[in-house]
Amino acid sequence: MIDELRVVRAGFAPIKGTRHLPYSRVVLDAQGVVGDRGFALVSVDETDPGRGRVLRTVQHPSLVAVRAELAGDRLEVELPDGETASAEPVATGERLTCDYWGREVELELLGGPHAALFSRFLDRPVRLARARRGDVVFAGAVSVVTTASLHDLARQVGQDALDAARFRPNLVVETDEPYAEDTWLGREIRVGGATLRIGVPIPRCAVIDSHPETGERDIRLLKTLASHRPLNRAGEPAFGVFAEVVTPGVVGR
């Protein structure tokens, strides 16, 4: 067991691909962060080769410019131009089996004003869907990034600091040594009222090169990481670690 680590940022996005927002506290249960990616967008464009697939940030980076938050049962969405939609998503009884990173996930299609808002923004017809917990999460239930690693990467690309939201972590924990998290694999750590078991390193893609509020490419982080970090079989560099929840609890910053 590693002594309790101080959390300096906690965050998630209720709709897969939308802006990763910070929260003063998050609740961790056996499946991860409550509220994290409980919704997804699905292409329903007959001419789209990706029809029937969950929209992913790497293919639709402009999604990070969209704010989505849960207010009780209401899902509030705001576009960059200020246009909004706020309503409780309505179950339609429709279900759709979609592809998500090569695995099948079953989604519940929803009614309400959100689909029309996103369709205008993306200039293609999409539907809002409810996902089962963990179905549109790439791997581990919780993603963790450390402050020392963020500072080291910022130094390498000539920045004073990097916004942790580029990496969409559920938790940013304070450390003194860059990439100390590489030594945590298989160990348990305490964060707030929860205990996590660290799993595998997180492979990174070109999403981290995009500004976390606009989606525009602005810093060559992926190339820099690939120059000095371990690569997986797909050639993707590692940054941060996945974790599973051992003991549920509340985590604040």
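Tyr179 is buried, with a relative accessible area of 12% (buried means under 20%, exposed over 50%, partly exposed in between, for a 1.4 Å probe and protein chains only). Tyr179 is found in the loop between β13 and β14; helices (H or I, at least four residues) and strands (E, at least two) are DSSP runs, numbered from the N terminus. Its phi is near 65°, a positive value in a residue other than glycine. Most residues other than glycine have a negative phi. The model is predicted: local features need pLDDT of at least 70, side-chain atom pairs count only at pLDDT 80 or more, and totals for chains, interfaces and linings use all residues. Residues are numbered from 1 along each chain as its sequence is written, and side-chain values use heavy atoms, with hydrogens and water left out.

The loop between β13 and β14 also holds Glu177. Glu177 is exposed, with a relative accessible area of 52%. Its C-alpha lies 8.8 Å from that of Thr147, at a separation of 30 residues in sequence.

The largest nonpolar core has 26 residues. Such a core is a set of buried Ala, Val, Leu, Ile, Met, Phe, Trp, Tyr and Cys residues joined through side-chain atoms within 4.5 Å. Val26, Leu28, Val142, Leu171, Val191, Leu196 and Val251 touch the most other members. Two or more residues each come from β1 (7–12), β2 (21–23), β3 (25–29), β12 (142–146), β13 (171–173), β14 (188–191), β15 (194–203) and β16 (238–247). A second, separate core has 17 residues, among them Leu79, Ala85, Leu110 and Phe118. In soluble globular proteins, nonpolar side chains tend to be buried together.

Two strands pair if DSSP finds at least two bridges between them. Two bridges join β3 to β4. Asp29 stands opposite Gly32 in β4.

A cavity is a set of points where a 1.4 Å probe fits but cannot get out; a pocket is an open set with protein on both sides within 12 Å along at least five of seven lines; lining residues have an atom within 4 Å of a point. Grid points are joined across faces, edges and corners, and a volume is the space filled by probe spheres set on the points.

The second largest pocket holds about 200 Å³. Its lining comprises Phe12, Pro14, Tyr23, Arg25, Val26, Val27, Val34, Gly35, Glu69 and Leu70. β3 gives the most, with three. By class, the lining has seven nonpolar, one polar and two charged residues. Here Ala, Val, Leu, Ile, Met, Phe, Trp, Tyr, Cys and Pro count as nonpolar, Asp, Glu, Lys and Arg as charged, and the others, Gly among them, as polar.

One cavity of 30 Å³ or more was found in the whole structure. The largest cavity has a volume of about 60 Å³. Val64, Ala165, Arg166, Arg168, Val207, Ser210, His211 and Pro212 line this cavity. Four are nonpolar, two polar and two charged. Arg168 is found in the loop between α2 (147–156) and β13. The phi of Arg168 is near 50°, again a positive value in a residue other than glycine.
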